[in-house]
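Reader: I would like to learn how to read a single-chain model with care, feature by feature. Could you take me through one?

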Amino acid sequence: MIGIETGRHWARQYEMKEYNGKLLHYQEPEATSEWFETAKGIYYQSWKDGVKRILGGKNAKK
């Protein structure tokens with residue numbers, strides 16, 4: 001993504017951005033553009049357990 005007016009990656013405040021066709025390159029080998037899917041694969045069960053704990057398990061109010 002680059003700024004439409006400036007053509008730079010760091011756009012000005014409120015400047016619209018447009019896709020430039022380039023993929024991001026990450027420094028860390030574990031980094032991924034699909035970070036949510038990766039995190040869900042790793043932490044799904046603990047997220048689920050946390051929600052159950054917060055909502056009170058099966059008897060949670062709807």
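**Reading a predicted chain**

Author: K40 is partly exposed, with a relative accessible area of 31%, where buried means under 20%, exposed over 50% and partly exposed in between, with a 1.4 Å probe and protein chains only. This is a predicted model, in which local features need pLDDT of at least 70, side-chain atom pairs count only at pLDDT 80 or more, and totals for chains, interfaces and linings use all residues. Residues are numbered from 1 along each chain as its sequence is written, and side-chain values use heavy atoms, with hydrogens and water left out.

Reader: With which residue does K40 form a salt bridge?

Author: A salt bridge is a side-chain nitrogen of Lys or Arg within 4 Å of a carboxyl oxygen of Asp or Glu. Here K40 pairs with E37, the closest N and O atoms being 3.4 Å apart. The two are 3 residues apart in helix α1 and therefore separated by about one helical turn; E37, at 45% relative accessibility, is also counted as partly exposed. The rule gives a count of 2 salt bridges, and R12 forms one with E5, with 3.9 Å between the closest N and O atoms. Both R12 and E5 are exposed.

Reader: How should I read the span of helix α1?

Author: Helices are DSSP runs of H or I with at least four residues, strands are runs of E with at least two, and both are numbered from the N terminus. The expected span is 1.5 Å times one less than the number of residues. For the 21 residues of α1 (35–55) that would be 30 Å if straight, yet the end C-alpha atoms span only 26 Å.

Reader: Where does α1 bend?

Author: The bend at a residue is the angle between axes fitted to the seven residues ending there and the seven starting there. In α1 this angle is about 70° at Y43, a residue that is partly exposed, at 43% relative accessibility. After the helix comes G56, with a positive phi near 90°.
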